[in-house]
Amino acid sequence: MKKLNLLFLALIFIQCNAQLNHNRDTKQRIAIADLKRDFSCKSEKISIHFPDVYAKNEDNYYNQQLIKGILDFSDLSSITEKKPKEVVDAIINQREKDCLEEGTNEGLTSINFKTEFNNDRILSLTLQVETLAGNLVFEEMYYNFDIKKKQNLKIESLFSEKDQKTILKKINDALKLRLQEYSTEEKEIDQQREVDLLLAKSNISSAISRLTIFLL
């Protein structure tokens, strides 16, 4: 009975501690607003989900890094606005102008983002941007911010030089293995194509031979 009571108390302690950690993490998270706008040009729908770090529509270091990446990739560098909401409005206005004046739906078609990690020290975001220029071009941009220093997080801040070499070697080994597997897969596919082609030719030849015999 004593053991059961101790186990019960331990479970309560673990649950309370987990809840406290959850509440602490929630409080430490940086607010990220989703500035959503949609627009249609002909049959093409343009969907924007633009992140606003701190959710205050302010000109801060993090928002400027995100804005620069999107505008440079989308060939919209003529947009000079500094705040996220104004940038989103300017992008939509420019796309509407392009659609009306040029009658084309080419250009930026989509912006999305995903928060990978978020606390009071590190913020990691992934931006997903699509543009249409003859073909649909998709790009993912990765941002890792050091919140305390207000700068991009550097690998030197996380790993020693020795650890970096170890990690790099593991990555290279994994890539080499995948390339070898890919090469083997391609060879198997090519071999199967050759077999299928030979079988197809064989069937055609056989059919022609039988038809010739029948006609004779």
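# Questions on a predicted model

Me: What is the volume of the largest pocket?
Reply: A pocket is an open set of points on a 1 Å grid over the protein atoms alone, where a 1.4 Å probe fits and protein lies on both sides within 12 Å along at least five of seven lines. Its volume is the space filled by probe spheres set on the points, which are joined across faces, edges and corners. For the largest pocket, this comes to about 230 Å³.

Me: Which residues are closest to the centre of the largest pocket?
Reply: Lining residues have an atom within 4 Å of a point. The largest pocket has 15 of them, and the closest to its centre are S74, D75, E106, G107 and L108.

Me: Which atoms do side-chain values use?
Reply: This is a predicted model: local features need pLDDT of at least 70, side-chain atom pairs count only at pLDDT 80 or more, and totals for chains, interfaces and linings use all residues.

Me: Which element gives the largest share of the lining of the largest pocket?
Reply: Helices (H or I, at least four residues) and strands (E, at least two) are DSSP runs, numbered from the N terminus. The largest share of the lining is four residues, and it comes from α3.

Me: How many charged residues are in the lining of the largest pocket?
Reply: Asp, Glu, Lys and Arg count as charged; Ala, Val, Leu, Ile, Met, Phe, Trp, Tyr, Cys and Pro as nonpolar; and the others, Gly among them, as polar. The lining has five nonpolar and five polar residues, and the number of charged ones is five.

Me: What pattern does the protein chain follow along the sequence?
Reply: The secondary structure of the chain comes to four helices and six strands. Read along the sequence, they follow the pattern α-β-β-α-α-β-β-β-β-α.

Me: Is L132 buried or exposed?
Reply: L132 is found in strand β4, and its C-alpha atom is 6.5 Å from that of T109, 23 residues apart along the chain. Buried means under 20% relative accessible area, exposed over 50%, and partly exposed in between (1.4 Å probe, protein chains only). Of the 216 residues of the chain, 25% count as buried. L132 has 17% relative accessibility, so it counts as buried.

Me: How many residues apart in sequence are the parts that D89 and R37 tie together?
Reply: A salt bridge is a side-chain nitrogen of Lys or Arg within 4 Å of a carboxyl oxygen of Asp or Glu. D89 forms one with R37, the closest N and O atoms being 2.6 Å apart. D89 lies in helix α3 (residues 84-102) and R37 in strand β1 (residues 32-41), so the parts they tie together are apart in sequence by 52 residues.

Me: Which helix holds both D72 and K68?
Reply: D72 and K68 form a salt bridge with their closest N and O atoms 2.8 Å apart. D72 is partly exposed at 45% relative accessibility, and K68 is exposed at 52%. The two residues are four residues apart, about one turn of the helix, and both lie in α2.

Me: How much accessible area do I155, L158, F159, I167, I171 and L175 have together?
Reply: Patches are made of residues with over 30% relative accessible area and no salt bridge, with like charges joined within 9 Å and nonpolar side chains (Val, Leu, Ile, Met, Phe, Trp, Tyr) within 5 Å. I171, found in helix α4 (residues 161-215), has a relative accessible area of 45%. Accessible areas come from the Shrake-Rupley method with a 1.4 Å probe, and for residues only the protein chains shown count as cover. Together the six named residues form a nonpolar surface patch with an area of about 520 Å².

Me: What is the phi of Y54?
Reply: Y54 sits in the loop between β2 (44-53) and α2, and is partly exposed at 27% relative accessible area. Although Y54 is not a glycine, its phi is positive, at about 80°.

Definitions and conventions
Residues numbered from 1 in each chain as written. Heavy atoms only, no water.
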